[in-house]
Amino acid sequence: MKFSTALSLLSFCLVPATALSILDGGNKIPGDSPLELCDGDHSDDQITIKKVDLDPNPPKAGQELLIKASGTVKETIRKGAYVKVTVKYGLIRLMSMTADLCEQIGNVNMTCPVEAGDQTIEKIVKLPAEIPPGKYNVVADVYNADDEQITCLTAAVTFTIGGLGYFNEL
């Protein structure tokens with residue numbers, strides 16, 4: 001799988017992870033999405049995700065995905081912040097990368113610095129039709145410019161046969 005295809009496949013996870021974090025009360029992030037906080041203590045997270053909705057949920061290969069997210073940034077996020085992303089297909093690690101957070105949030109029309117306060121994002125992402133069916137596990141670990149963890153998010157998404165690609169023509 002090409003890096004760009006994998007990245008667009010996972011943008012449904014990256015966009016919220018790069019913009020926000022979570023509420024208390026378990027690891028599940030409120031809303032209609034597969035996003036959860038990673039295991040561990042999140043009381044010091046610099047962002048709180050109030051809600052994330054995906055339409056459709058689960059995402060479908062070859063279709064547009066609408067992402068709506070809202071949350072609160074507790075401390076200004078400055079240039080130098082970054083996100084470490086790991087993507088697994090079942091048990092196979094497809095990619096592990098570190099990306100500049102300020103570049104990534106440009107995908108949702110935000111710029112650094114991201115000032116403290118309430119934030120809302122809405123983004124439509126076109127998912128490639130060539131996404132192989134199977135279960136994808138994503139971890140996005142987000143850090144500020146001082147290497148302090150902002151938050152850590154995880155998602156598991158299963159793509160089935162029947163996107164708008166090859167299998168619909170059979």
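Colleague: Let's start with Asp147: where does this residue lie?

Modeller: Asp147 sits in the loop between E7 and E8. Those labels come from DSSP runs numbered from the N terminus, with helices (H or I) of at least four residues and strands (E) of at least two. Before we go on, this is a predicted model: local features need pLDDT of at least 70, side-chain atom pairs count only at pLDDT 80 or more, and totals for chains, interfaces and linings use all residues. Residues are numbered from 1 along each chain as its sequence is written, and side-chain values use heavy atoms, leaving out hydrogens and water.

Colleague: What should I look for in the backbone of Asp147?

Modeller: The general idea first: most residues other than glycine have a negative phi, and most peptide bonds are trans. Asp147 has a positive phi of about 65° although it is not a glycine. Asn109, in the loop between H3 and E6, also has a positive phi, near 60°.

Colleague: Are Asn109 and Asp147 buried or exposed?

Modeller: Relative accessible area decides that: buried is under 20%, exposed is over 50%, and partly exposed is in between, using a 1.4 Å probe and protein chains only. Asn109 counts as exposed because its relative accessibility is 74%. Asp147 is at 51%, so Asp147 counts as exposed too.

Colleague: Asn57 makes me curious about its neighbours. Which residues does Ser33 touch?

Modeller: Contact here means heavy atoms within 4.5 Å. Leaving aside residues up to four places away in sequence, Ser33 touches Lys28, Val52, Leu54 and Asn57. Ser33 is in the loop between helix H2 (11-19) and strand E1 (36-37), yet it counts as buried because its relative accessibility is 4%. Its side chain also reaches the backbone nitrogen of Leu35 at 3.2 Å.

Colleague: Val52 came up there. How many residues does the largest nonpolar core have?

Modeller: A nonpolar core is a set of buried Ala, Val, Leu, Ile, Met, Phe, Trp, Tyr and Cys residues joined through side-chain atoms within 4.5 Å. The largest one has 40 residues, and those with the most contacts inside it are Val52, Ile77, Val85, Leu101, Ile105 and Phe159. Elements supplying at least two residues each include strand E2 (47-55), helix H3 (101-105) and strand E8 (149-159). E8 gives the largest share, five residues.

Colleague: And charged pairs: how many salt bridges are there?

Modeller: The rule asks for a side-chain nitrogen of Lys or Arg within 4 Å of a carboxyl oxygen of Asp or Glu. By that rule the count is two. One pairs Asp118 with Lys50 at 3.2 Å, N to O. This pair links distant parts of the chain, with Asp118 in strand E6 and Lys50 in strand E2, 68 residues apart. Asp118 is at 58% relative accessibility, so Asp118 counts as exposed, while Lys50 is partly exposed at 35%.

Colleague: Which residue does Lys51 pair with?

Modeller: Lys51 forms a salt bridge with Asp53, whose closest N and O atoms are 3.5 Å apart. Lys51 is partly exposed at 41%, and Asp53 is partly exposed at 23%.

Definitions and conventions
Polar contact = N/O pair within 3.5 Å; in protein donor to acceptor, adjacent residues only side chain to side chain.
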